[in-house]
Amino acid sequence: MNVRDFSLLVKKEYKRLNGARFFSERALLSAILEHFGFHRNAPLITPEQPIGEKETDMAEDLRKLLAGYPIQYYLGTEWFCGYEFAVAPEVLIPRPETQALAEKAAAVAEEKSTVFDFCCGSGCIGLSVLLKREDLFCRMYDLSDAALHLSRENCERLGLTKRCSIEKMDVLSDDAYEQVRKYKPSLIVSNPPYLTPEEMEKIDDNVKNEPAMALLGGADGLAFYRSLIHLSAKTGVDLLCEIGCNQKEGIEKLLKLQDLEYEFYQDDAGLDRIFYTQKIK
């Protein structure tokens, strides 16, 4: 088998197994070729190049990806806010729609202040804020050891170690209040877990490969928001969060129980995706 033969196999299997659910045919082919040391444009440049003994492994990876294994985990990286971040199966994959959260955080954070990133995962939000605002310092928190390791890796590869602290903490615990009281951030930003158990049963096959710890937000999906909104009201620190597209009503009820001003922001699809709270002065 040569490169042309393999590209034809990809085309056939992509169509048969409805690969369009997950990624483009070109992205799939390029990912596998690069993973095995071929040029991503080999079908055009060197179509007669032999696959050799790699044929079996490449076909196996093709089946794995078409079964829903995320291409980002396969490649080990994902782009976010114009920067390449390392990703791993133990940590949530950065989403394009979450870029708006990082952009908004960079826009509203006070000058020369500290920003907290709760449930930091890969670190893509907090680190992107730092890349957009050279005057800020970010303290990032997560309960997952894998997430902390990945955040530190991304922090180092982006050259931000002097402007960032990464620590283990349960953001639902009293430790969150103690950290806010101690470091006095101007803003807390978070993309916390927000799916319900019922929604977890219906997620796409590729999302099932991502860690449940980063997806499940309690019985009603609002457990983290309940805690974060209370923390914002108690400390007077502004709060900026991503939410599920059907959660505005539930979150608005929580916000109205506290003495907070708030706004919702929509994504490109017109869905309420971010809320921003400010303490009434």
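**Cysteines and pockets**

Q: Which cysteine holds the sulfur closest to that of Cys81, and how far away is it?
A: The gap is too far for a bond. This is a predicted model, in which local features need pLDDT of at least 70, side-chain atom pairs count only at pLDDT 80 or more, and totals for chains, interfaces and linings use all residues. Residues are numbered from 1 along each chain as its sequence is written, and side-chain values use heavy atoms, without hydrogens or water. The closest sulfur is that of Cys124, at 7.7 Å.

Q: How many disulfides does the whole structure contain?
A: A disulfide needs two cysteine sulfur atoms within 2.5 Å. Cys81 has its closest cysteine sulfur at 7.7 Å, so a bond is ruled out there. Cys119 is in no disulfide either, since the nearest cysteine sulfur, that of Cys120, is 8.1 Å away. The search of the whole structure gives a count of zero.

Q: Is Cys119 buried or exposed?
A: Buried means under 20% relative accessible area and exposed over 50% (1.4 Å probe, protein chains only). Cys81 has 13% and is buried. The relative accessibility of Cys119 is 17%, so Cys119 counts as buried.

Q: What is the volume of the largest pocket?
A: Its lining has 31 residues, and those nearest its centre are Arg95, Glu97, Tyr194, Val207 and Leu215. A pocket is an open set of 1 Å grid points, over the protein atoms alone, where a 1.4 Å probe fits with protein on both sides within 12 Å along at least five of seven lines; lining residues have an atom within 4 Å of a point. Volume is the space filled by probe spheres on points joined across faces, edges and corners. For the largest pocket this is about 720 Å³.
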